[in-house]
Amino acid sequence: MSSIISIRDLTKTYASGFQALKGVNLEIRRGEIFALLGPNGAGKTTLIGVVCGIVNPSSGTVTADGHDIARDYRAARAKIGLVPQELSVEAFETVWDTANFSRGLFGKPSNPALVEKVLRDLSLWDKRKSPIKSLSGGMKRRVMIAKALVHEPQILFLDEPTAGVDVELRRDMWNVVRQLRAGGVTIILTTHYIEEAEEMADRIGVINHGELILVEDKATLMHKLGKKQLTLQLKQPLAEIPANLAGEALELGADGQSLVYTFDAQAEETGIAQLLRHLHEQGIDFRELRSSESSLEDIFVNLVRARA
């Protein structure tokens, strides 16, 4: 699959000396949903700002759909829509005027039918005549998305798009994102709701201290770094794990009432049958067992801790 965004050796050092980006290399595939994860201050917003032409890089190159963001700024920027974290709308303008004006900023001819479609898709049509100041925070966020979409970008950046949005509106927004991707739009998102990335993304990138420490297909990442655990609720508590079981990947619960066995679910032999046999030999009985799998959040936290 061809790349629609190509980032090469990108760095950004601010006047204060703070290095926000350190030699970032990244290819974004055309038509994918790419989730960029990282703690606060990791460099996510700076990276987006550089690609969108808001932040000047210190070195490196970025192209958007083949257009260099520095040498061919207008063509590159026309390909990109941005929904920033901060709500930035004119309080006294109507929803319709805000969206319509945004299209004109990119030199696009008037297209009331398209603006209407965008507003309807975002459940804003009934609010089209309302001033922005009368809307809830979640509806204002939708207006920001409408502003980013009305010039028909091929690339859409969503920087924490569902911050402050209630569950129902969040669900509606992700339906819109799916529709956009189905229509060929490439989506790059940052989010603190890691379950959203787990549900929506095709690939995951993790950035920390300005360095892109990992880029993987989501399924591959879950397979390589995810773990499964078998938790056994014991009939009788244990003070410690018996010496004869020291070779097993076992942890004793804080209350002594459970044993947790960690294993690779993709391996030919998980070791569960052997573990249960050893427990029986040691006279350790359990009343129930349950399995669980590492979430993307678990993987993300472990990655960041490992690089701290």
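This is a predicted model: local features need pLDDT of at least 70, side-chain atom pairs count only at pLDDT 80 or more; totals for chains, interfaces and linings use all residues.
E3 covers residues 33-37, and E9 covers residues 203-208. The two strands run parallel and are joined by four bridges. E3 also pairs with strand E8, residues 186-190. That pairing is likewise parallel and spans four bridges. Here isoleucine 33 has isoleucine 187 as its bridge partner in E8.

Five of the five residues of E3 are buried, so the strand is largely enclosed by the rest of the structure. Burial applies to both faces. Ile33, Ala35 and Leu37 point one way from E3 and are buried. Phe34 and Leu36 point the other way and are buried too.

E3 belongs to an open sheet of six strands. The strand order is E6-E7-E8-E3-E9-E10, and the pairing is mixed. Strand E6 (80-83) and strand E10 (211-217) form the edges, each pairing on one side only. From one strand to the next, the twist averages 15°. An antiparallel pairing is found between E9 and E10, over six bridges. Within this pair, asparagine 208 stands opposite glutamate 211 in E10.

Helix H1 (residues 44-51) touches E3, E6, strand E7 (155-159), E8 and E9. The direction of H1 makes about 150° with that of E7. H5 packs on the sheet through contacts with E6 and E7. The direction of H5 makes about 170° with that of E6.

The loop between E9 and E10 holds histidine 209. Although not a glycine, histidine 209 has a positive phi of about 50°. Most residues other than glycine have a negative phi. With 48% relative accessibility, histidine 209 counts as partly exposed. Serine 123 is another non-glycine residue with a positive phi, of about 55°. Serine 123 lies in the loop between helix H4 (112-121) and H5. Its relative accessibility is 41%, so serine 123 counts as partly exposed.

Nonpolar side chains tend to be buried together in soluble globular proteins. In this model, the largest nonpolar core has 47 residues. Leu119, Leu124, Leu156, Leu158, Ile187 and Ile204 touch the most other members. Helix H5 (residues 137-149) supplies the largest share of this core, with seven residues. A second, separate core has 27 residues, including Leu26, Leu36, Val62 and Ile207.

Beyond its neighbours within four places in sequence, leucine 156 is in contact with Gly81, Leu82 and Val83, among others. Further contacts of leucine 156 include Ala148 and Leu149. The list also takes in Leu180, Val185, Thr186, Ile187 and Ile188.

The second largest pocket has a volume of about 350 Å³. Its lining comprises 14 residues. Leu114, Lys117, Leu149, Leu180 and Val185 are the closest to the pocket centre. H4 and helix H6 (167-182) are the elements that give two or more residues to the lining. H4 gives the most, with four residues. Among the residues closest to the centre, Leu149, Leu180 and Val185 are also contacts of leucine 156.

Another sheet is built from four strands. This open sheet has the order E12-E13-E11-E14, with antiparallel pairing. Strand E12 (250-252) and strand E14 (286-293) stand at its edges. Each has a single partner strand, so one side of each is left without a neighbour in the sheet. The twist averages 20° from one strand to the next. Strand E11 (residues 228-234) runs antiparallel to E14, and seven bridges join the two. Within this pair, threonine 231 stands opposite arginine 290 in E14.

How values were computed:
Residues are numbered from 1 along each chain as its sequence is written. Side-chain values use heavy atoms; hydrogens and water are left out. Buried means under 20% relative accessible area, exposed over 50%, partly exposed in between (1.4 Å probe, protein chains only). Two strands pair if DSSP finds at least two bridges between them. A nonpolar core is a set of buried Ala, Val, Leu, Ile, Met, Phe, Trp, Tyr and Cys residues joined through side-chain atoms within 4.5 Å. Contact means heavy atoms within 4.5 Å. Axes are lines fitted to C-alpha atoms, for helices over the stretch in contact, and angles run from 0 to 180 degrees between N-to-C directions. On a 1 Å grid over the protein atoms alone, a cavity is a set of points where a 1.4 Å probe fits but cannot get out, and a pocket is an open set with protein on both sides within 12 Å along at least five of seven lines; lining residues have an atom within 4 Å of a point. Grid points are joined across faces, edges and corners, and a volume is the space filled by probe spheres set on the points.
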